[in-house]
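Here's a quick look at a strand and a few aromatic rings. Have the model open while you read.

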Amino acid sequence: MRAVVQRVSRASVTVDGRISGEIGRGLLVLLGVRKGDTANDAQYLVDKIAGLRIFTDSNGKMNLSAADVGGALLVVSQFTLYGSTARGRRPSFDDAAPQDEARTLYEYFLREMERHQLPVRAGVFQAHMEVSLVNDGPVTLVIDSP
């Protein structure tokens, strides 16, 4: 699995003109599922992201997690994270998991993240979404499961 994690001061996702998820300070997580990924991959990302210390402390060092600063998470499924442009100009999505597998792991990720006592909001799986954000820093990390 792959997550693109952005520290945000605010973010939202809109589907069909209606906001489906919105947060203030926290993390926007774009989540991609690869063929062959398992619950272990999802759990690895959950634990890594929940404990990720990328918010600044009183000394200006990145030393605090989203939970430490009262932040929230906005999680958006994004199969295009496994798009390959190695050949040609049109991306190939052969490495992305089939829809049913991806949905199962995406929903598992959401449930497990809520166990970390973080407010979790989400986009709509397999919908056309408009994502708005204000990247704080900017801070953006790409995290892959082993």
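Y106 is tucked away in this predicted model: its relative accessibility is 4%, so Y106 counts as buried, the cut-off being under 20%. F125 comes out at 16% relative accessibility, so F125 counts as buried too. F93 is another matter, with a relative accessible area of 31%, and that makes F93 partly exposed.

| Pair | Geometry | Centre to centre | Angle between planes |
|---|---|---|---|
| F79 and F93 | edge-to-face | 4.9 Å | 65° |
| Y106 and F125 | tilted | 5.7 Å | 40° |

Where do F79 and F93 sit? Both F79 and F93 lie in the loop between β6 and α2 (99-114), so their pair ties together parts that are 14 residues apart in sequence. The pair of Y106 and F125 links distant parts of the chain, 19 residues apart. Y106 belongs to helix α2, while F125 is in the loop between β7 (120-122) and β8 (130-144).

Now for the strands. Is β3 (residues 26-32) mostly covered or mostly open? Mostly covered: 7 of its 7 residues are buried. Strand β1 (residues 2-15) runs antiparallel to β3, and 7 bridges join the two.

Key. Residues are numbered from 1 along each chain as its sequence is written. This is a predicted model: local features need pLDDT of at least 70, side-chain atom pairs count only at pLDDT 80 or more; totals for chains, interfaces and linings use all residues. Side-chain values use heavy atoms; hydrogens and water are left out. Buried means under 20% relative accessible area, exposed over 50%, partly exposed in between (1.4 Å probe, protein chains only). Helices (H or I, at least four residues) and strands (E, at least two) are DSSP runs, numbered from the N terminus. Two strands pair if DSSP finds at least two bridges between them. Rings of Phe, Tyr and Trp (its six-membered ring) pair if their centres lie within 6.5 Å; planes under 30 degrees apart count as stacked, over 60 as edge-to-face and the rest as tilted.
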